[in-house]
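Dear colleague,

Please read the notes alongside the coordinates.

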Amino acid sequence: MPHVSAHLPHVLVLATIALLPVQAEAQRRAAAAQHPLSFGGQVSHGSETDFGVGGRVVFGLGAVAPRAPLEGVVAFDYFFPDEPPGIDLTYWEINGSVAYRVARRPAALQPYLGGGVNIGRMAADTVGESRGSETRVGLSVLGGTTLRTGSRATPFAEARVVVGKNDQLIITGGLRF
């Protein structure tokens, strides 16, 4: 009969393999706790589309990259562009971005950089008839910061450059919860 110590390496290997999913789940939960899901409202100004209002959802990407300070950001803005007389313009856009947190230590300002996809839709109507609409896809590059306040409310400010057919600079600010 083999001695117990002869089986010890096999038992340790099997125990390690069995515990890997548990450790991975613990890391995923720890990453999610550091980057919880948050929602917010925002106001924006586009260089081509004027004033806008919208909202955003921010979520941690710790499950994808546990050691990287990455966040997913999905934002929607509805703009109120200046209209020529007799034409009603509407413009909205959706942005899906990945943001990299630059500051890793606790500080009041938490800057981030990122980029993603921009989908914009413009429609023009004249009094009583439709003149047309168009949906355009582009890329966006962004930079911004959040401000730690010690409460659940987190103010943020962001500048986003959209390149493609929706070229413009958008300045956004708001509050996340």
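Does Arg 56 count as buried or exposed, and at what relative accessibility? Arg 56 has a relative accessibility of 4% and therefore counts as buried, where buried means under 20% relative accessible area, exposed over 50% and partly exposed in between, with a 1.4 Å probe and protein chains only.

Two remarks on the basis: this is a predicted model, in which local features need pLDDT of at least 70 and side-chain atom pairs count only at pLDDT 80 or more, while totals for chains, interfaces and linings use all residues. Residues are numbered from 1 along each chain as its sequence is written, and side-chain values use heavy atoms, with hydrogens and water left out.

The structure holds six salt bridges, each being a side-chain nitrogen of Lys or Arg within 4 Å of a carboxyl oxygen of Asp or Glu. One of them joins the side chains of Arg 56 and Glu 158 at 3.1 Å, N to O. Because Arg 56 lies in strand 2 (residues 50–60) and Glu 158 in strand 7 (residues 154–164), this pair ties together parts that are 102 residues apart in sequence; strands here are DSSP runs (E, at least two residues), numbered from the N terminus. Glu 158, at 5% relative accessibility, is likewise counted as buried.

Asp 77 and Arg 160 form a salt bridge at 3.5 Å, N to O, and both are buried. The side chain of Arg 160 also meets that of Glu 158 in a salt bridge (3.1 Å, N to O). Through shared partners, salt bridges join Arg 56, Asp 77, Glu 93, Glu 158 and Arg 160 into one network.

Conventions:
Helix = DSSP H or I, 4+ residues; strand = E, 2+ residues; numbered from the N terminus.
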